[in-house]
Amino acid sequence: MMDYDKIMCSRIRDIPPSGIRKYFDLLDGVEGAISLGIGEPDFVTPWHIRDAGIYSLEKGFTKYTPNAGLTALREAISRYMKRRFDLEYAPVGQIMVTVGGSEGLDLAFRCLLEPGDEVIIPTPSFVCYGPLVSMDNGVPVYVQTKAENEFRLTPDELRAAITPRTKAVVLPFPCNPTGGIMAREDLEALAEVLRGTDIIVVSDEIYAELTYGRHHVSMANIPDMYERTIVVGGFSKAYSMTGWRLGYLCGPKELIAPMTKLHQYGIMSAPTTSQYAAIEAMENGDRDIENMKEEYDGRRRFLVNGFRKLGLACFEPRGAFYTFPCIESTGLTSVEFCDRFLAEERVAVIPGSAFGPGGEGYVRACYAASMRDLSEALERLERFLKRLRAQQ
């Protein structure tokens, strides 16, 4: 009989499954359940973007594209990055189109890391960074950010984490799950630590368009940082295009070239239909972004205020579409809280422990949901908390 444990690569076998997926599986078939767990816009992709994809099919544009992506799309990304974030990237050589931002992260780590190289990862943060680093032969070095610092990475924390093996640092801002952001002055302080090193910044900016009250600033905007920063972007969050599976990388040509080569052998090219839709998004989707962001902002304030009224301390998120309330007062672990809340009140939120060190004692609640569902979820939470407090 085959011993598959011996056959499988231990590096892959030993990585635990995502702490988020469990709650999607538990939700299946639960009548009347409300999900505040999935990190996906509740909006449908705007019609003019869908129409562009449909039109490309009608015209028979169904062949492979260049490995780095359609020239027209890379040109659109170049104009978009200049228009929205004052960053200049050449369409040829400095931009490549990926199958979602996740492929972009994987390409970056695989091209950067030798066995044993370390990658600094601020946490709590999205679940994929550490496993990708491990699967790509690197060593994740987790740095716990703190609520009292608004979940920012501080220069002292960064400095303390750097060793002779440090190859890269991930900047996951705006942050999933906390909603924390890094302002220009925060990035400038980190830049002071990084100058004079060979450390590369992998800046995951998938939520760059979703900030409230402050405009997003990239590490690539900071003097001397452009040459060491890989920007990971995409269409999933800003344009509600999660299922189209499209992202992009921007950076120095010396870094983008090997990533394009790896993409060439592993993927060939991103989906053609998605690329034509993405051109329309980049060229004519600014208003869509603003409309969705305005709606998210109202939900954000509603949910944060709701948690606070129910006695749960909640940091005010300035980016993405998540809240990260503290549930330590309930006496439950984050997993216990989420399991019981789902079982007793049919509401799914995600345990903070799924997002790495510093996440325990919190839960992630996504406000990419209707106001009706958010209101009902808060009513159910009030009942749940009353029962818990009565038992204490």
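**Strands and helices**

Q: Which residues of strand β12 are buried on one side, and which on the other?
A: This is a predicted model. In β12 (residues 363-366), Val363 and Ala365 are buried on one side.

Q: How many bridges join β9 to β12?
A: 2 bridges, and the strands run antiparallel. Tyr322 has Cys366 of β12 as its bridge partner.

Q: And β11?
A: β11 (residues 350-351) is also joined to β12 by 2 bridges, running antiparallel. Pro351 stands opposite Val363.

Q: Switching to helices. At what angle do α12 and α14 cross?
A: Roughly 10°, with the axes coming within 11 Å. Angles under 35 degrees count as roughly parallel, so α12 and α14 are roughly parallel to each other.

Q: Which residues meet there?
A: From α12, they include Arg299, Phe302 and Phe307. From α14, they include Met371, Leu374 and Leu378. By class, the contact has 7 nonpolar, 2 polar and 2 charged residues.

Q: Now α9. Which of its residues are buried?
A: Asp186, Leu187, Leu190, Ala191, Val193 and Leu194. They cover an arc of only 155° around the axis, so they lie on the same side of α9.

Q: What covers them?
A: The cover includes α8, β5 and β6.

How values were computed. Residues are numbered from 1 along each chain as its sequence is written. This is a predicted model: local features need pLDDT of at least 70, side-chain atom pairs count only at pLDDT 80 or more; totals for chains, interfaces and linings use all residues. Side-chain values use heavy atoms; hydrogens and water are left out. Axes are lines fitted to C-alpha atoms, for helices over the stretch in contact, and angles run from 0 to 180 degrees between N-to-C directions. Helices (H or I, at least four residues) and strands (E, at least two) are DSSP runs, numbered from the N terminus. Angles under 35 degrees count as roughly parallel, over 145 as roughly antiparallel, 65 to 115 as roughly perpendicular and the rest as oblique. Contact means heavy atoms within 4.5 Å. Ala, Val, Leu, Ile, Met, Phe, Trp, Tyr, Cys and Pro count as nonpolar, Asp, Glu, Lys and Arg as charged, and the others, Gly among them, as polar. Buried means under 20% relative accessible area, exposed over 50%, partly exposed in between (1.4 Å probe, protein chains only). Two strands pair if DSSP finds at least two bridges between them. The arc is that of the directions from the helix axis to the C-beta atoms.
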